[in-house]
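Here is a short report on one helix, its cover and its aromatic residues. Keep the model in view while reading.

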Amino acid sequence: MIGAISVALAVKLFGLSIFGGVALYFVVWWTLLFAILPFRNQAETDPERVVPGQDPGAPATPRLREKAIWTTLVTSVVFLATVAILPLAGL
């Protein structure tokens, strides 16, 4: 929902095509997701919960839903700032 609003604003205010706005939003979202994923990760310290073959640095609770929400919020701001700063009309 927030992504659609951001793309609609970029199309209306800055002259992006719908496809160009969606493509740019998608690229920014995935880039920021990989930047946000490491935040607040703590490795599993309880030896009873570690499964054989599990990476010792694997997070105990990855909080993927929370990170996806944060990524969407940050992406909307970065996307609109990028579109406002760079002349991308007609993308």
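## Terms and basis

Contact means heavy atoms within 4.5 Å. Helices are DSSP runs of H or I with at least four residues, numbered from the N terminus. The model is predicted, so local features need pLDDT of at least 70 and side-chain atom pairs pLDDT 80 or more, while totals for chains, interfaces and linings use all residues. Residues are numbered from 1 along each chain as its sequence is written, and side-chain values use heavy atoms, with hydrogens and water left out.

## Helix α2 and its cover

Helix α2 spans residues 18-36, 19 residues in total. It reaches 26 Å from first C-alpha to last, close to the expected 27 Å (1.5 Å times one less than the number of residues). Its buried residues (under 20% relative accessible area, 1.4 Å probe, protein chains only; exposed is over 50%, partly exposed in between) include G20, L24, V28 and L32. Their cover includes α1 (2-14) and α3.

T71 sits in α3, residues 64-85. T71 is buried at 0% relative accessible area. Leaving out residues up to four places away in sequence, T71 touches W29, L32, L33 and I36.

## Aromatic residues

The structure holds four aromatic pairs (Phe, Tyr or Trp rings, the six-membered one for Trp, with centres within 6.5 Å; planes under 30 degrees apart are stacked, over 60 edge-to-face, the rest tilted). F26 and W30 are edge-to-face, because their centres lie 6.2 Å apart and their planes meet at 70°. F26 is exposed at 52%. W30 is partly exposed at 36%.

W29 and W30 also pair edge-to-face, at 5.4 Å and 80°. W29 is buried at 19%. F26, W29, W30 and F34 form one aromatic cluster.

Definitions and conventions: Helices (H or I, at least four residues) and strands (E, at least two) are DSSP runs, numbered from the N terminus.
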